[in-house]
Amino acid sequence: MPTLLPESFVLLADVYDGITIVVLALFIMGGVFAEHLQGSLRSASMIRLGNKKKELSRMDQALLSIQEADPNFDLHNFCMAATNAYIEVEKALDTGDLSDIRSFVSDGIYQRMAFRLEEEESLGRKRKTIHLKVDNLSPAEITSSKNNQNAFEVISMRISGTAVRQYRLKQDGTDVITEESEPISEVWTFLRRRGAQTKSKDFGSVHGHCPNCGADISVNQWEKCPSCESTVRSGEHDWVLSEISDQSSWKVTKPFKMSSATRYWIKQDQGFSSHYLEDRASVIFFRKFLADRLGVIDPLGKVATDRFCDGYEKKLKPNDFGKRTVYIHPRILAADVSGVIAEEPFDRALMNIRWTARRGIVDRHGELEIERDPVQISTMMVLVRKHGAKTRIERTITSSHCPKCGAPESNNASHACEFCHTVLNDGALEWTLADVLPFTSTPAMALRKKAYEGIETNVSVIKFENAEDAPLERVVLMEQKLPEFTQSEIDGVQIDGLAPNVVVREDDVTLCKLLGEVAGGLHISKADAKDFIREVARKCGIDNATLVQAMRSREKLDRRRLKDLNSQVIKRWLMAMVDVSLIDSRMEAWEKVYINAAAKELGLSRYDVEAAVRTRSLQLEEWTEGMRSVDMFSWVVYMAAADGRFDPKEIEQLKELAAHYGISNKQLKEMCVAAKEGKLDISVPEDPTVGQFWLVKMIDMAFADGSVCEKERKVLAKVAKKIGLTDYDLKQLIRRRRAVLYKKAQEALRGKTPAHDDELHLKSDWND
């Protein structure tokens with residue numbers, strides 16, 4: 001077992017540009033030993049002692065894990081490197097030049113420091129550190145998960161001491177010089193990708209060397225090494241400063257318990273990282289401060305949705321008295337992910353930002369009056385991203401760069417990247433600001449509650465006696481109801497070095513593999529079987545890459561255990577197959593045989609299948625019974641208004657379609673107003689399969705004159721997109737309906753009854 005605490009040492013001096021910084025009594029770890037093993041622990045309660053020892057043990061285990069993956073890592077050298085990084089940052093803030101630190105700080109850190117310098121310059125104020133004393137710089141937390149999904153090693157350093165700074169402020173044309181003694185009480189968090197190897201005793205990037213090849217670097221705006229083309233601050237090769245928190249707000253990571261963010265990481269996005277999201281939130285928040293101070297929306301153009309920008313721009317305007325409120329000297333105390341909601345069409349990340357600033361009033365003449373005492377506020381930022389979008393793990397540190405080409409985002413008013421012209425504020429590729437709420441407000445509480453749906457925690461309050469015989473109460477986690485995961489979702493997942501203790505259900509990929517094997521024993525074309533399996537996979541939420549990997553696997557399915565599966569799983573699988581077969585409103589003969597064969601392997605009879613088909617068909621027909629053109633048009637209007645507004649193109653399409661169906665402009669206007677206000681009288685299915693079934697009815701109505709015109713095709717495409725179908729899905733659906741309607745028309749003209757549905761048979765005998 002390696003020792004966690006290296007020998008204490010004293011950093012005597014560092015001189016730059018005539019400024020002397022003396023760092024006295026810099027004990028890297030001695031203070032931690034004293035805290036854990038002496039003094040207060042002797043008088044602490046047994047519970048507190050146990051917790052302290054557990055915390056120390058976790059740090060020991062994490063350190064051992066890092067050294068197993070990187071034998072050259074040395075904690076003593078890391079602390080020396082962190083000290084150098086701290087001094088470089090202080091130097092950059094004094095000189096106003098951040099170019100020397102850009103290579104080892106995240107975008108969030110860089111953004112807040114750039115904002116700080118810009119604000120000081122706008123106020124005519126300059127800073128100079130004349131004395132710096134660091135009393136303690138020691139690890140507060142070390143984490144390293146032996147995880148094959150999105151693994152990062154994280155070391156948080158506790159820094160405390162005092163600094164004397166000289167501020168030069170211009171007032172009435174003269175310089176006013178003041179000296180202020182400021183306490184230092186922060187936690188600096190460094191991270192790197194698991195598997196990175198130590199190639200120097202210090203952060204290579206701190207001293208201007210590429211952490212991968214060792215070449216001298218002059219970090220450009222893309223942060224690329226000109227020699228080896230490595231992204232210098234990706235965390236793939238070296239440690240990067242990713243967060244600076246106030247000690248009073250920073251908390252040690254609690255032992256694993258299921259959260260909505262953890263669930264999202266496992267089930268939705270294996271590249272998801274709370275570090276990245278917190279860094280992104282920091283970038284956005286300081287751009288919001290800049291927009292407040294300048295009174296223009298431009299800084300938010302690339303990081304906030306159009307709807308937010310339109311609404312917030314009005315708040316930036318002066319009131320009737322020509323005044324507006326700004327916040328000066330903002331400082332983020334902590335940024336945490338408080339929940340993630342995964343749903344169509346946009347996922348939502350709920351960020352808890354605790355910050356402090358001095359409130360100021362700008363009058364009509366541009367004069368600024370600042371309140372003396374700072375305020376401390378907790379804010380919820382709601383960030384949105386298109387459902388299904390994935391995080392690129394190599395971008396964990398570069399959160400203010402274009403997700404497509406990697407170019408840096410500027411503060412101009414454009415919503416697109418200046419280099420590749422990709423729209424950046426629509427949430428299609430990147431988390432984007434959609435709302436800012438007081439953290440304790442009713443809407444914020446409702447969002448947090450929604451994020452934790454399906455995760456229930458039962459707690460108990462117990463009393464115990466401490467050393468001073470004063471009764472205390474402590475909340476203890478007793479039981480947590482965990483969401484279900486499939487085996488493929490949790491394979492390789494570890495948290496705090498341990499596999500999560502979750503409920504494992506049968507993977508839906510098993511159904512697709514079963515369908516693939518069953519198809520080989522039937523007279524079904526490979527193309528039809530492939531299309532059917534792909535639709536079932538999409539119905540079950542299986543992405544194409546996972547499906548392809550499963551179908552190419554040579555491992556045979558153990559069919560004997562299929563009949564022992566949970567009845568709810570079997571029922572869900574049966575309904576998925578039935579829904580896919582009924583998507584074009586007609587179950588073809590081969591589909592019926594296919595489903596019956598798969599159902600038999602699951603222990604179901606033909607009667608079970610027929611009952612499911614009958615139930616589903618009645619359900620679908622009941623919902624679409626008596627459908628008229630005006631009903632369909634009402635549904636189209638409702639779908640167009642789902643985002644709360646009508647685009648000019650949407651309005652033109654609705655006018656053309658209304659004229660096609662004989663609906664007056666007055667009726668159209670009334671329906672649009674009612675839809676925006678949520679008062680349009682229409683039945684909206686909660687089940688997406690029902691929505692797809694009505695889409696089929698709409699296609700049939702479009703074929704009433706023999707073909708689907710371009711106007712109708714555009715409307716169908718818009719509705720299909722709203723219910724989760726791609727252009728390809730719609731094209732295939734129209735093709736299939738054309739074939740079905742053509743066959744029906746032929747049979748009607750020939751006076752024949754429809755073909756019976758048992759014309760296909762299994763290769764083997766069918767006994768039920």
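Which residues are buried in α12? I began with this question, working on a predicted model.

**Entry 1: helix α12.** I looked up the extent of α12 and found that the helix runs over residues 526-539, 14 residues in total. From its first C-alpha to its last I noted a reach of 20 Å, close to the 20 Å expected at 1.5 Å a residue. I then listed its buried residues, which are Ala529, Phe532, Ile533, Val536 and Ala537. These residues lie on the same side of α12, because they cover an arc of only 135° around the axis. I recalled that an α-helix has 3.6 residues a turn, so residues three or four places apart point the same way. For the packing partners of the buried residues of α12, I recorded α11 (509-519), α13 (544-552), α14 and α15. After α12 I came to Gly541, whose phi is positive, near 80°.

**Entry 2: Leu582.** I next located Leu582 in the loop between α14 (567-581) and α15 (589-601).

**Entry 3: helix α9.** I turned to α9 (residues 442-451) and found Ala444, Leu447 and Ala451 to be its buried residues. Their arc around the axis is only 60°, which puts them on the same side of α9. On the other side of α9, I recorded Thr442 and Lys449 as exposed.

Technical notes: Residues are numbered from 1 along each chain as its sequence is written. This is a predicted model: local features need pLDDT of at least 70, side-chain atom pairs count only at pLDDT 80 or more; totals for chains, interfaces and linings use all residues. Side-chain values use heavy atoms; hydrogens and water are left out. Buried means under 20% relative accessible area, exposed over 50%, partly exposed in between (1.4 Å probe, protein chains only). Helices (H or I, at least four residues) and strands (E, at least two) are DSSP runs, numbered from the N terminus. The arc is that of the directions from the helix axis to the C-beta atoms. The expected span of a helix is 1.5 Å times one less than its number of residues. Contact means heavy atoms within 4.5 Å.
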